[in-house]
Amino acid sequence: MRMTGGQMVCKSLIREGVEVIFGLPGGAILPLYQTLPEFPELRHILVRHEQGAAHAADGYARVTGRPGVAWATSGPGATNLVTGIATAQMDSVPMVVITGQVARAAIGSDAFQESDTTGITLPITKHNYLVMHAADIPRIIQEAFHVASTGRPGPVLVDIPKDVFVEEAEYEYPEHVDLPGYKPTLDGHPNQIRKAAKLIDAAQRPVILAGHGVIISHAYDELMELAERVQIPVVTTLLGISSFPDDHVLCVGMPGMHGMAYASLAIDEADLLIALGMRFDDRITGDTSAFAPGSKKIHVDIDPSEIGKNVPVDVPIVGDLKRVMIELNKRVSSATHVEWVQRIEELKREHPSMQIRDTDQLLPQYIIQQLCDATSGKAIIVTGVGQHQMWAAQHYTYTEPCSLVSSGGSGSMGYEVPGAMGAQVGRPDRVVWSIAGDGGFQMTMCELATLAENKIPVKFAIMNNGYLGMVRQWQEIFYDKSYVATGYSGNPDFVKLAEAFGIFGARVTDKSQVMPTILKAMEYDGPALIDFVVEQEENVYPMIPSGMTVHDMIEEPRPAKVPR
Amino acid sequence: MTTNGEVKHTITALVADKPGVLNRVSSMFRRRGYNIASLAVGHSEIEDLSRMTFVVEGDEGIVEQVTKNLHKLVDVIKVFDVSDANCVSRELALIRVRANVQNRSEIMQMVDIFRAHIVDVAPESIIIEVTGDEDKVDSLQNLLRSFGVLEVMRTGTIAMSRGVESQSDHRIPDGSRPRMESGL
């Protein structure tokens, strides 16, 4: 069938099962937008800033497991997507981004709104394309979805010149993808799996370190089986949170820079570390030479280049985590590890990292606990980046799989608004709470208009401390309280802001109002915002300073210094 | 095969012959901070596929990461580390040397010893073409220094393993055969 390039894009997207597109039009992509009315199956959500489109597609993908789709025009439209694309790349999130480009004849001439989009996004995409012929569109869109969603997922960008959208060609969807240079290894090597099983059988103090890969691969049941049958304590990375229920007796929480002390100590004392779908990020390891020093290491990951990148391992297994674990579980023997499990309980008692101090002050940790109670630990929590993100990781008890949506690797502030929008669009059946910082919230709060317009009922809990809190904490600890450029004395009135956007807004300054206001926001039919005016200089503990070891951990606040 | 204590490794890759592939490869090297001592690109025996030869400086761990990260590029079909393999490696260089009637014959002798060729003669200079492995080209270049080396242009090393085992055995791009090495 003959059709235009624009029609081919829409048709191919439908073929790939796309339901929602987050985007914002402009000159170069206009011919594509003008074909949209012919395809009512495609729901387009008009964002207020392209960064919002990219983060929303990312949030959508994280909670559905299907590639999120974002559209933007050439030049500034494309460059505004960059933070969102980089965020998805760092956290292995499948995404297909389509950008308009200036007409073919104008490429390279510094035309109006021209940018070298494939050049700019080359290092932050899994792959990208510049389409020069309309006839190539079906194949390229098919390849884009295949590459984005298989192997280690990631964002793929397709840049299409304006005149290619209007060019007519024969629409032929290829039967299958033919990419000779792209064949992810899915099955683990049997010998390696056998070696891993032997190490597990021989271990006295094994610890599972579960990462985002468990969620991406849907290996929840396999992880549970291994942990329970062999009685292995489970620690989870930030993005691995909710891959294993927090209320399970074998769950030992998150280790690392702001993780639970007992989780970091468990890794330190382990004689076997079973790393599943994680990449030994510096926030987990600190000083790699002193990380889990007494342990053998098994590392399962689908990306061979992650093996041995940061930490040397004894038994590497490349493959899809679920498939590898099904085979691994067949080979391991049941065990009890009574002493080790008792030792972990002892560590939890000796280092009660998650206790909240008893005070009348309004503490963010307390609010997050109340939020957890109000939602029975079953909400999807989306966060920004910083102190509130760490508190959300620490103090919410995640009991449902795939429930924490957060920019881990990239640490992109501003994720909390559009990321939550994407998550709610992807999972309309679940309650989505965005735990936001007052800093990050202001980076992308324009998307409140998109939420209101589309009646997307995200609830926001702004932990408003009037600071870029995490940076302030570093200034307090490492720069002797020299608070350079971290105080926000001119924050807007967030409640009035909510009113301006036509959504529910309330302010809480007192502990007693926390639960009633949360409940009110949840009862409200539509997006809602609570401005929690929290203790300004509260710090996140425990803390292992950057590049240090578990033995340098600061567990408790230091005694207050004498005022200068 | 060492300079500054770092071992040199030769890696060859079969890549798609399309615009931007060299950029993808070099961008990966730049971003990850790997050092390329030399890089040579040219057509392969298969239509639409090129071969690249890299000489990479670094320890085993770095070379392993280079190989894996090359595999990750969608346009890279196959990667071979031929450092330890029994392989033939060659480089071609053009060297312009200051030469006059007095010393021309002396230079010609040296060119003969290295089985090189003089490809251009001018009143004050000559151009020498030499082919060989990197060490041979280095030595000739060093010996010519006393005459005055005016300009050097080197292609970078290309390498091929010896014997009948062809690198194209496993990866003719018919899309049907499994190619484990292609990684992600």
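Predicted model: local features only at pLDDT ≥ 70, side-chain atom pairs only at ≥ 80, totals over all residues.
**Entry 1. Where the chains meet**

I began with the contact between the two chains, and found that 20 residues of chain A are in contact with 26 residues of chain B. I then asked which elements of chain B supply at least two residues each to the side that touches chain A. They are α1 (21-32), α2 (60-72) and β5 (76-81) of chain B, and the largest share, seven residues, comes from α2(B). Sorting that side of chain B by class, I noted eight nonpolar residues, ten polar residues and eight charged residues.

**Entry 2. The domains of chain A**

Next I looked up how chain A is divided, and I wrote down domain 1 (2-170), domain 2 (190-350) and domain 3 (364-540). For domain 1 and domain 2 of chain A, the centres taken over C-alpha atoms are separated by 37 Å. The contact between these two domains takes five residues from domain 1 of chain A and five residues from domain 2 of chain A.

**Entry 3. Strand β2 of chain A**

I turned to strand β2 (residues 20-24) of chain A, where four of the five residues are buried, leaving the strand mostly covered. What are the pairing partners of β2(A)? One of them is strand β3 (residues 43-46) of chain A, which pairs with β2(A) in the parallel sense over four bridges, and here I saw that A:Phe22 stands opposite A:Ile45. Another is strand β4 (residues 68-72) of chain A, also paired with β2(A) in the parallel sense, over three bridges; in this pairing A:Leu24 has A:Ala72 as its bridge partner.

**Entry 4. Backbone details**

I checked the backbone of chain A and noted a cis peptide bond between A:Tyr541 and A:Pro542, with omega at about 0 degrees. A:Pro542 lies in the segment that follows β19 (528-533) of chain A.

I also noted A:Ser376, a residue other than glycine with a positive phi, near 50 degrees. A:Ser376 sits in the loop between α15 (364-374) and β14 (380-383) of chain A. Is A:Ser376 buried or exposed? I put A:Ser376 down as exposed, because there are 11 C-beta neighbours inside 10 Å and the cut-off for exposed is 12 or fewer.

A:Asp480 likewise is not a glycine and has a positive phi of about 50 degrees. I located A:Asp480 in the loop between α20 (469-478) and α21 (494-501) of chain A. A:Asp480 counts as exposed because 9 C-beta neighbours lie inside 10 Å.

**Entry 5. A:His388**

My last entry concerns A:His388, which I located in helix α16 (residues 387-395) of chain A. Why does A:His388 count as buried? There are 32 C-beta neighbours inside 10 Å of A:His388, and a residue is taken as buried at 20 or more, so A:His388 goes down as buried.

Leaving aside residues up to four places away in sequence, I listed what A:His388 touches: A:Pro364, A:Thr383, A:Ile435, A:Ala436, A:Gly437 and A:Met463. I finally looked up the separation of A:His388 from A:Arg331, which is 57 residues apart from A:His388 along the chain, and found 41 Å between their C-alpha atoms.

Definitions and conventions: Residues numbered from 1 in each chain as written. Chains lettered and ligands numbered in written order. Contact = placed C-beta atoms within 7 Å. Nonpolar A, V, L, I, M, F, W, Y, C, P; charged D, E, K, R; others polar. Domains from an automatic or database assignment. Pairing = 2+ DSSP bridges.
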